[in-house]
Amino acid sequence: MRTTETVKEARRVMTVCNACRYCEGFCAVFPAMELRRVFSNADLSYLANLCHGCRDCYYACPYTPPHEFGINVPRTFAELRMESYAEYSWPGPMARMFRRNGLLVSLVTALSITLVLVGSMVWHRPHDFYGVHLGPGAFYALIPSWIMLSVAGGTFGFALLALSVGAARFWRDAGGGVFWRPRPLLRALGDILTLRNLGGGGQGV
Ligand code: SF4
Ligand code: SF4
């Protein structure tokens, strides 16, 4: 992960927290933080993704603004998570396009949906489009099932691929190595399925 201002701020915050350690019983972030004396960019990305933004540490912390330390762990980690999602997401150019042109992307999406509807109207005779369809296959009278399945399957497949590439990038960056070793992978899977790191009291490492 690149060293951005957010990464630098997260490193500063974690350094203060590591000296303080008051919040170590609140969540998985703090015990994981205590295992480190220095924080690489990947460490910070990992810690940020352990945080679920409950804000317990913010309300307990005596160093929040206006204190000169200005500690705000949930906000810092929320910003870092946003950066990490953008950095690990795939394909990169589309992530950057969405980040810079959220309004444009939303408009293109809305326009595409409108085009499908208008296209269906133009493709079919008004009687078919506005008529009542009953009986077997009525649901597919306007848009055939193969088109629905192709679009849904393609979208699902693309989402699965994009998520897998993002996960692989995060895994490699966090020190999991290029090769997917079964043991840490199974452990990570177990943590996900049992929501282990949402249990409070922190057991993540
Ligand atoms: S959030 Fe505040 S109170 Fe909690 S460990 Fe960090 S510095 Fe200490
Ligand atoms: S999960 Fe809650 S307590 Fe833990 S770092 Fe995030 S906001 Fe703070």
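This is a predicted model: local features need pLDDT of at least 70, side-chain atom pairs count only at pLDDT 80 or more; totals for chains, interfaces and linings use all residues.
**Ligand shells, core and domains**

Trainee: Quick one: which element gives the largest share of the shell around ligand 2?
Mentor: That's α5, with three residues. A residue joins a shell if its C-beta atom, placed from the backbone, lies within 6 Å of the molecule. Helices are DSSP runs (H or I, at least four residues; strands are E, at least two), numbered from the N terminus.

Trainee: OK, back to ligand 2. How many residues surround ligand 2, and which are closest?
Mentor: There are 14, and the closest are C27, C51, C54, C57 and P74. Both α4 and α5 (73-88) put at least two residues into that shell.

Trainee: And what classes are they?
Mentor: The shell of ligand 2 splits into 10 nonpolar, two polar and two charged residues. Nonpolar here is Ala, Val, Leu, Ile, Met, Phe, Trp, Tyr, Cys and Pro, charged is Asp, Glu, Lys and Arg, and the others, Gly among them, are polar.

Trainee: What's around ligand 1, then?
Mentor: You'll find V16, C17, C20, R21, Y22, C23, C57, A60, C61, Y63, I71 and V73 there. Two or more of those residues come from each of α1 (5-20) and α4 (56-60), and α1 gives the most, with three. By class, the shell around ligand 1 has 11 nonpolar residues, no polar ones and one charged.

Trainee: Switching topic: what's the secondary structure overall?
Mentor: The protein has 10 helices and zero strands. Its C-alpha atoms fill a box of roughly 75 × 45 × 30 Å along the principal axes.

Trainee: Which residues touch the most other members of the largest nonpolar core?
Mentor: Of its 23 residues, those are A10, M14, V29, L44, L47, A48 and C51. The elements giving two or more residues to this core are α1, α2 (29-34), α3 and α5. Such a core is a set of buried Ala, Val, Leu, Ile, Met, Phe, Trp, Tyr and Cys residues joined through C-beta atoms within 7 Å.

Trainee: C51 keeps coming up. What is C51 in contact with?
Mentor: Leaving aside neighbours within four places in sequence, C51 is in contact (C-beta atoms, placed from the backbone, within 7 Å) with C27, V29, P74 and F77.

Trainee: And Y46: buried or exposed?
Mentor: Y46, in helix α3, is buried because 23 other C-beta atoms lie within 10 Å. The cut-offs are 20 or more for buried, 12 or fewer for exposed, and partly exposed in between, with C-beta atoms placed from the backbone. Y46 and F77 sit 31 residues apart in sequence and 10.0 Å apart in space, C-alpha to C-alpha.

Trainee: Last topic. Which domains does the assignment give?
Mentor: Domain 1 (5-88) and domain 2 (92-183), with bounds from an automatic or database domain assignment. The contact takes five residues from domain 1 and eight from domain 2.

Trainee: Which element gives the most on the domain 1 side?
Mentor: On the side of domain 1 that touches domain 2, α3 gives the most, with three residues. That side has four nonpolar residues, one polar and no charged.

Conventions
Residues are numbered from 1 along each chain as its sequence is written. Chains are lettered from A and ligands numbered from 1 in the order in which they are written. Two residues are in contact if their C-beta atoms, placed from the backbone, lie within 7 Å.
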